[in-house]
Amino acid sequence: MTAAPTPGALRLAEHRFFVGAPSGLADRLEPLAVERSYAFGDTLVREGDIADRFVLIYEGKVALEIVLPDRPSVTIQTLGGGDVLGWSWLVPPPEWWLDARAVKRTRTLELPAGPLRAALDAHPDDGYAFLLRLLPVVAQRLDHTRLQLMDLHGR
Amino acid sequence: MAARSLPPAAEEMPSPWAPVPFRVAQRTAETSDTVTLVLTPARDAPEFPFAPGQFNMLYAFGVGEAAISISGDPAAPGSLVHTVRTAGKVSGALAAAGPGTIVGVRGPYGSAWPLAAAEGKDVVLVAGGLGLPPLRPALYTMLADRGKFGRIEVIYGARTPKDLVFYRQVQEWRARTDLRFQTTVDAADRSWYGDVGLVTARVPDLRVDPANTVAFLCGPEVMLKFTVQALVAKGMTEDQVYVSLERNMKCAIGLCGHCQLGPEFVCRDGPVFRYSDVRRYLTVREL
């Protein structure tokens, strides 16, 4: 992983997560953002580690994996450009519940959890708007998980 | 009084119930439970023209008949191609039929993908599981006349990488530059570098003009419902979406009623329907 902040290369406001958000929300959070680049095989987050950031994926592909004892890891979902990774930083205890691994070269902007929470706490309107953007992501992942559990393509 | 033309004698009329014998010329295992059969006429017979999306009733002699979509190229009507998954006795017998086996064929039946209506537009094909075979003839046709269509996007979902059918051909399609073919599976191990997740998750990334797009969907009905929702969220309307439905077909000619869906007979009026025409029936329980 390369922590290579290159201001101006990626912008929060251009990410799908912020499309339609109240004016200025992305701009106010922009100073927190750190641009990162991951090569194939790099681990973004690891199960059990502290969930310390919110990751917005701009390009590439990230596999979310569950590690099983004595069995190969299972990929349960892949994320790509326009997707976001992680709400674990909002849910106590703030730790990652799965691994995230780059399976293509991946570029992200990442917001550190502490400063992000502080910013949203300080401006409740921004906090509410942010959660209104995040909740549909959570709901969609839940819907998809339910459908995957139904094993639609099975016998 | 003008003489009224009389129907031909009964013995001259082809019986809708009589299967035509075809011989299994080739059997290819697609997955652990799915095979593709290439059938050729067992007797001298004219070519077997069909439209993409239509199906045949395949007869495993001594076992029974099943409705199976045609998965071959409409431009090659000299042989019939069917992809069969073992789901019961009849499909199991068909899937087990080796080269030389005689099977009966009635058809082709049903409605087709509206390719003429798709000309000049972007086209999205979404297939889930064994939904790809009924869509393959449409893809063959579009690729053979590529200039008539706008962008072509295919999203194909399966349970695992081992459940993907037409695997080699899918790799060829994925390598083409004149269509975008995405595959996704419900779960995979680390040897799979493709997408994992539902086909609906790929819809937001479609590179099409929603106002000028037609979508053809085939797969489990729950998948159809959520895919339509995702397409509508993308900016399409339900009348731009066509679905292929599956019901318990017996006669295949709109007589027996086994496949009735509200006022529609899936065998005769379908299996391809405009989604806005049938959506209200798909939420009726027990229908």
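How many residue pairs are in polar contact between chain B and chain A? The count is nine, with both residues at pLDDT 80 or more; a polar contact is a pair of N or O atoms within 3.5 Å, one able to donate a hydrogen and the other to accept it, and residues adjacent in sequence count only if both atoms are side-chain atoms. The model is predicted, with local features needing pLDDT of at least 70, side-chain atom pairs counting only at pLDDT 80 or more, and totals for chains, interfaces and linings using all residues. Residues are numbered from 1 along each chain as its sequence is written, chains are lettered from A in the order in which they are written, and side-chain values use heavy atoms, without hydrogens and water.

**View 1. The contact between chain B and chain A.** Chain B contributes 28 residues and chain A 21 residues (heavy atoms within 4.5 Å). Arg159(B), Arg190(B) and Leu198(B) lose the most area to chain A in chain B, together 26% of what that side buries (accessible area lost, 1.4 Å probe).

**View 2. The salt bridge of Glu65(A) and Arg190(B).** Their side chains meet at 3.0 Å, N to O. Three salt bridges are counted between chain B and chain A (side-chain nitrogen of Lys or Arg within 4 Å of a carboxyl oxygen of Asp or Glu).

Key
Buried area is the accessible area (1.4 Å probe) that two parts lose on being put together, summed over both.
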